[in-house]
Amino acid sequence: MTETTETFTYDYPAIEAIVTRHEAKGRAGLLPCLQEIQAFTGWLTPDICQLVGRRLDVPLADIYGVIDFYTLLYREPVGKTIIRVCDDMACYLNGSEEVLSSFKKWLGIGPGETTPDGKYTLEVHPCLGYCDLAPMAMMGDDVHGHLTPDKVADLLEVK
Amino acid sequence: MVPRTNILGKRVGKIDPGSLPAYVASGGFLALRKALTLQPEEIVHEIMAAHLIGRGGAAFSAGFKWAAVRRETARPKYVVCNADESEPGTFKDRYLLEGDPFRIVEAMAISAYAVGANRGFLYVRGEYPLAYKRLAHAVAESRRAGYLGLNLWNTEFCFDIEIYRGAGAYVCGEETALFESIEGRRGQPRLKPPFPTTNGLFGQPTLINNVETLANVPDIVLNGGQWYRTLGPLTNPGPKLYAVSGHVRKPGVYEATMDLTLQELIYELAGGIPGGRRVQAVLVGGAAGTFLRPDQLDVALGFDTLRTIGATLGSGAVMVLDDSVDLWNVLRRVTRFFQHESCGKCFPCQLGTQRQAEIVTRLAAGNVHPGDGAALTDIGLTMRDASICGLGQMASSALLSAFSQFSLLPREDEL
Amino acid sequence: MTEEVRCTIDGRMVSVPAGTTILEAARQVGRDIPTLCHHEALTASGMCRICSVEIEGARTLVPACATVVREDTVIHTRSERVDRSRKVILEMLASASDVSEAPDILAYAETYNADLSRFADGEKRTYDIVDDNPFYIRDYNKCILCGRCVQACGTDMQFTFALTTAGRGFHSHITTFFDQPLPESVCVFCGNCVGVCPTNALQPKQEWLLEQGANWDEIRAQTKKPRRH
């Protein structure tokens, strides 16, 4: 196995319980199962995938193909909170470029990167569907609209 | 007179979206109750009579779909609500899901009864956590109170809903890609035919409708198809939600009948353009849509009226660009969007979205090569003609419309 | 008796048994349609779209390999739209992958006047050659993502499921579970994937070593089967 040397800090029985809940659905339980586990662990490790594959009867290669297809599933460690900044048309028209720069400045990282303390991962995300709040970003599940560089600083508590 | 309506959004912002009693007190579940006293065929007939056109973007007749699934003899059948709204500029389904989630539960139950299904699947966009929370609550509450489950109102009809969350893929709004996703696969569209009405989710006959389409159903059941056809133009009846964004004073969702003009939507409903600016262009239908010029604002925002000027209503997204905008920066984002969201299955889209974005990015930086116009046209037409699904078929729509509406490309002989 | 359906292909009336694809029907009357992802032994995936044909009245082109002939349709295996699509797909393919060992693509390029250097400025998909087992090498620079290997490894032949498509869009690629080396995967080295690869992206290792100029002793040393314990 590649990269199974990661040390896991998560609660294995809790993951087992999630898998058990979705087991009866077989492959149709794959997406919700992976999503629930990831909400717990942050990302999907090879050994989690092996457990899920064995219990839901899904080939391992297929699980990898699925994870790699969906942008909200992660196969590498990410920060505790993922910041998704929208830079599509409606947000661009309302100043998303400035918002994105201030996220970059305050976090000291670029899109796709994670802060050294593991707190944040920054992403430029395709249109998130909150164009009435443009420019906007999501921090985890929280939506923040009408952003300005000042508001970004407040959100990150850097002032 | 601006033809505003208050049908789809009548509860949004008025009642607590988490309260089942508030939903029932405002007339909720009356339509389902009435539906269960009718023959399933009668309901399909009313949807047909209403001339309800699908609100997801493809503008297909809802009644035809319902009738087709009703006719299928294979069992089980499924109903699916497509709440994977991801077209850039579109947020009208989120408005309904967050503001009136019980309505979608009720409409799905009605559709299931009409076509003979007992299981429903609701696939909600992964980036809509609040909508998901409210839907999950609405389904659980409805189940607890007996509006979902076995033998509703002591009839033979049994129905329940499972909610799936998307995981970040625009293409899953395509119905067959959505099925693949629920089935635990990469969200890639299937070849059609066969169509979902015969071979849909898990290979079974499936009725799949967009959120807004379903939201129309309870009122059609309560008031009849004939009533519905009196709302707005005869060919495009019923209320429509428009999601307005970009350079307007009051971006948001507005409900009106489809004789509403773009002018009225921008200036009377959305408050006009801020900062004393003027309209440069309007992108109607999102990234998969078409650009309109300022002299075309008197067009009515209906499926057929837009078609006559070579545009599409799509999902009803209206994005306004003022005269300060460099269109190339917008086009760069449109093409980057498709480059990011192509699923990679069919070659025209897998390769075309990449090459299209590369060339547009270069052009946006002012670096023009001879043959760029021909290359983008060739790529665009190839994607339109030969891609498997609507994503690829529409991936060049906004770009090519921008070229035909505005003189963006330098003439070859000037290079 | 199977039911017969009639259609017109390039002006000729054709009658074929119900369920016949446009590709099969066209070949019966001597009209050849180019194919890339299509393989007799595999389920038609209709992915490459090089076999696209025009049906009168249809909004888009349809893949001949995966479309069944319907009664009274008028089919054109060549038209302006068909030829443009084929030409542009070939041009874009050549700009993304190394098609030098894909004879079909090179031949089609001649037929459709494809300029294989047209999009040469575009990003190429480049990979290191994977040499992780004694049987075959994987040179994904030559991969056109026809998907045949994944089909052969999965439900169309072997039911081994060692391979998958990962990523998406232009950056889709064929790989294993977390990119693990084949000997650590469930691969049983049946060779079916190598057999169906149309571009030499998957190549027997002996053949590849010979092309690299290795002598027989080197080849024997490098392709020795691992001893089972």
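How many of the residues of helix α8 (residues 175-182) of chain B are buried? In this predicted model, the helix is mostly covered, with seven of its eight residues buried. These are T176(B), A177(B), L178(B), F179(B), E180(B), S181(B) and I182(B). The buried residues of α8(B) pack against elements of two chains: from chain A, helix α2 (30-41), and from chain B, the strands β1 (78-83), β2 (119-124), β3 (160-165) and β4 (206-210). Just after α8(B), a positive phi of about 85 degrees is found at G184(B).

Chain B is divided into domain 1 (20-229), domain 2 (239-322) and domain 3 (327-414). Between domain 1 and domain 3 of chain B, the centres taken over C-alpha atoms are separated by 34 Å. The contact between these two domains takes twelve residues from domain 1 of chain B and nine residues from domain 3 of chain B.

Chain A has a division into domain 1 (12-69) and domain 2 (81-155). The C-alpha centres of domain 1 of chain A and domain 2 of chain A are 29 Å apart. Two helices of chain A, α3 (residues 46-56) and α4 (residues 60-69), have axes that come within 9 Å and cross at roughly 120 degrees. Helices α3(A) and α4(A) are therefore oblique to each other, and their crossing is right-handed. On the α3(A) side the contact involves C49(A), Q50(A), V52(A) and G53(A), which meet L60(A), I63(A) and I67(A) in α4(A).

The axes of helix α16 (residues 372-386) of chain B and helix α2 (residues 80-96) of chain C come within 9 Å, crossing at roughly 115 degrees. This angle makes α16(B) roughly perpendicular to α2(C). The crossing of α16(B) with α2(C) is left-handed. From α16(B), the residues D378(B), I379(B), L381(B), T382(B), R384(B), D385(B) and A386(B) take part, and they meet R81(C), R84(C), S85(C), V88(C), I89(C) and M92(C) in α2(C). The residues of this contact divide into six nonpolar, two polar and five charged.

Chain C has 229 residues, of which 53% count as buried. Among the contacts in chain C with a separation of 6 or more, 58% are accounted for by residues 24 or more positions apart. Chain C is divided into domain 1 (4-81) and domain 2 (136-222). The centres of domain 1 of chain C and domain 2 of chain C, taken over C-alpha atoms, are separated by 31 Å. Nine residues from domain 1 of chain C and ten residues from domain 2 of chain C make up the contact between them.

Methods:
Residues numbered from 1 in each chain as written. Chains lettered and ligands numbered in written order. Predicted model: local features only at pLDDT ≥ 70, side-chain atom pairs only at ≥ 80, totals over all residues. Heavy atoms only, no water. Domains from an automatic or database assignment. Buried < 20%, exposed > 50% of the residue type's maximum accessible area, 1.4 Å probe, protein only. Helix = DSSP H or I, 4+ residues; strand = E, 2+ residues; numbered from the N terminus. Contact = heavy atoms within 4.5 Å. Axes fitted to C-alpha atoms, helices over the stretch in contact; angles between N-to-C directions. Parallel < 35°, antiparallel > 145°, perpendicular 65-115°, else oblique. Left-handed = near helix turned anticlockwise from the far one by under 90°. Nonpolar A, V, L, I, M, F, W, Y, C, P; charged D, E, K, R; others polar.
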